[in-house]
Amino acid sequence: MKHQELTEKAIALLKQMIATESLSKDEDDVAEVVARFFVENEVEVHQYKNNLWAQNVHFDPAKETILLNSHIDTVKPNKDWTLDPFNPIVKEGKLYGLGSNDAGGCLVSLIATFLYFYKKENLPFNLVICASAEEEISGRDGIADVWDQLPNIDFAIVGEPTLMQMAVAEKGLMVLDCIAHGESGHAARNEGVNALYKAIEDIEWFRTFHFPKTSSTLGPIKMSVTCIEAGTQHNVVPSECKYVVDVRTTDAYSNLETLEIIKKYVKSTVTPRSTRLNPSGAPMNHPVIKAGLQLQKETYGSPTLSDQALMPIPSLKMGPGDSARSHTANEFIFVDEIVKGIEGYIKVLEGASIIYNNE
């Protein structure tokens with residue numbers, strides 16, 4: 001299939017997706033749109049809940065498998081939209097609509113790329129495409145739930161708007177609910193142990209502590225205290241102070257290792273809401289990364305989360321569009337970005353194919 005035909009199909013699919021409301025946990029209709037597209041293009045598609053996937057015709061279990069993944073869900077349109085978020089319109093080279101940039105443009109570009117390779121013989125690797133649900137909320141019915149349904153995956157290209165540059169690492173996330181404990185007493189007398197003061201000591205630790213190891217791609221772990229709550233009335237010394245810490249982890253430590261260090265130093269009770277959103281990345285000597293470098297693509301570490309956090313394999317984040325437009329009013333992607341996205345993905349995989357064959 002030629003690039004122009006692939007581009008036309010991709011843009012038509014993206015328009016259909018924009019016109020179909022697909023908020024996280026409510027992706028049934030858009031999953032049907034994407035499934036129908038696969039069927040119309042003679043691709044055998046599988047579905048689990050609202051996750052869809054397919055594999056190349058000449059799939060060989062003896063070969064490594066590369067996953068092409070992006071998501072079908074969107075956030076809710078914010079109040080500042082002046083256009084209809086569900087009406088795809090093209091104006092001055094921009095395709096407007098909710099999810100156009102994050103991450104519809106990436107998904108349709110990856111699907112077009114998959115179609116390009118779908119029937120090719122003698123690929124040195126397998127390709128699996130997966131359009132997953134609930135990415136925007138890191139939901140449990142998305143990529144994590146469908147993972148065991150997929151063939152064994154060795155590497156993933158995750159479609160998120162990166163201006164087609166390569167995010168070779170991504171920070172993880174832990175949200176910590178912390179409680180400093182004291183003893184209540186009358187504020188007018190020298191009674192009690194003020195939990196607020198005890199919390200302040202730990203909060204200062206979170207503000208100033210530097211972990212010994214620093215990631216070469218993601219830099220230091222970043223910890224930010226973002227919420228605090230204590231006291232019931234002005235004349236009672238609080239016996240409890242609750243606060244929340246946002247921890248952006250790096251590949252220098254796992255989330256569990258980071259949590260263990262935190263608990264060692266602070267006196268507050270520390271409870272993570274989850275440890276499942278781990279940092280991720282890919283080795284620079286992987287054929288896909290090497291192919292991207294040969295194409296003069298820049299590499300960087302990303303501070304924002306994607307479904308990479310839920311994949312227990314090396315992964316790369318790359319896609320058309322600009323993350324600065326994600327979740328904004330009157331969201332758009334340039335039509336030309338989709339054209340270049342398809343071309344870019346194909347060139348990277350063709351370059352990787354040569355490297356695989358030469359290794």
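Predicted model: local features only at pLDDT ≥ 70, side-chain atom pairs only at ≥ 80, totals over all residues.
Numbering starts from 1 along each chain as its sequence is written, and side-chain values use heavy atoms, with hydrogens and water left out.

Let's start with helices, meaning DSSP runs of H or I of at least four residues, numbered from the N terminus. Take α1 and α3: their axes come within 9 Å and cross at roughly 140 degrees. Those axes are lines fitted to C-alpha atoms over the stretch in contact, and angles run from 0 to 180 degrees between N-to-C directions. On the α1 side the contact includes His3, Leu6 and Met17, and on α3 it includes Ser100, Gly104 and Tyr116; contact here is heavy atoms within 4.5 Å. By class, that contact has 12 nonpolar, 4 polar and no charged residues. For the classes, Ala, Val, Leu, Ile, Met, Phe, Trp, Tyr, Cys and Pro are nonpolar, Asp, Glu, Lys and Arg are charged, and the others, Gly among them, are polar.

The other pair is α7, residues 287-294, with α8, residues 335-358, packed at about 120 degrees with axes 8 Å apart. So α7 and α8 are oblique to each other, given that under 35 degrees is roughly parallel, over 145 roughly antiparallel, 65 to 115 roughly perpendicular and the rest oblique. Their contact splits into 7 nonpolar, 3 polar and 1 charged.

Now, what about holes? We get 1 cavity of 30 Å³ or more, and the largest cavity holds about 80 Å³. On a 1 Å grid over the protein atoms alone, a cavity is where a 1.4 Å probe fits but cannot get out, a pocket is an open set with protein on both sides within 12 Å along at least five of seven lines, and lining residues have an atom within 4 Å of a point. Back to our helices: α1 (3-18) and α3 (100-117) each supply at least two residues of that cavity's lining. Of the 13 lining residues, Met17, Ile72, Thr74, Leu98 and Gly99 lie nearest its centre.

And the pockets? The largest has about 430 Å³, with Glu135, Glu160, Thr304, Leu305 and Ser306 nearest its centre among 20 lining residues. Its lining is 6 nonpolar, 8 polar and 6 charged. The second largest pocket, about 200 Å³, has Lys340, Glu343 and Lys347 among its lining residues.

Conventions:
Points joined across faces, edges and corners; volume = space filled by probe spheres on them.
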